[in-house]
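Subject: Structure handover

Hello,

Here is the structure for you to look over. My notes follow below it.

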Amino acid sequence: MTKYREIIRLAGLSLSQTNIALSCGVSIKTVNKVLKAAREKDIS
C-alpha cells in the first residue's frame, strides 16, 4: 500500500524523490505521481 501521507511529509522536509522512494519502498514514478497530485490539489 502506498504511503501517501509519508511521501508528502518527506517532500516537505526537502528530501529528494529518490530518497523518498527508498524510504517508502515505492518507485520514483509513484513518488512523482503522488507529489504531482498533491500540488494540483494544493496539499502540503
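Which residues are buried in helix 1 (residues 4–12)? They are I7, I8 and L10, where buried means under 20% relative accessible area and exposed over 50%, with partly exposed in between (1.4 Å probe, protein chains only). Helices are DSSP runs of H or I, at least four residues long, numbered from the N terminus.

This is a predicted model: local features need pLDDT of at least 70, side-chain atom pairs count only at pLDDT 80 or more, and totals for chains, interfaces and linings use all residues. Residues are numbered from 1 along each chain as its sequence is written, and side-chain values use heavy atoms, leaving out hydrogens and water.

The buried residues of helix 1 fall within an arc of 165 degrees seen down its axis, so they line one face of the helix; the arc is taken from the directions from the helix axis to the C-beta atoms. On the face turned away from the buried side are the exposed residues R5 and G12.

The buried residues of helix 1 pack against helix 2 (17–24) and helix 3 (28–40), contact meaning heavy atoms within 4.5 Å. Y4, I7, I8 and A11 of helix 1 meet V31, V34, L35 and A38 of helix 3.

C24 is in contact with K3, E6, I7 and L10, leaving aside its neighbours within four places in sequence.

Just after helix 1, S14 has a positive phi of about 65 degrees.

Regards

Notes
Helix = DSSP H or I, 4+ residues; strand = E, 2+ residues; numbered from the N terminus.
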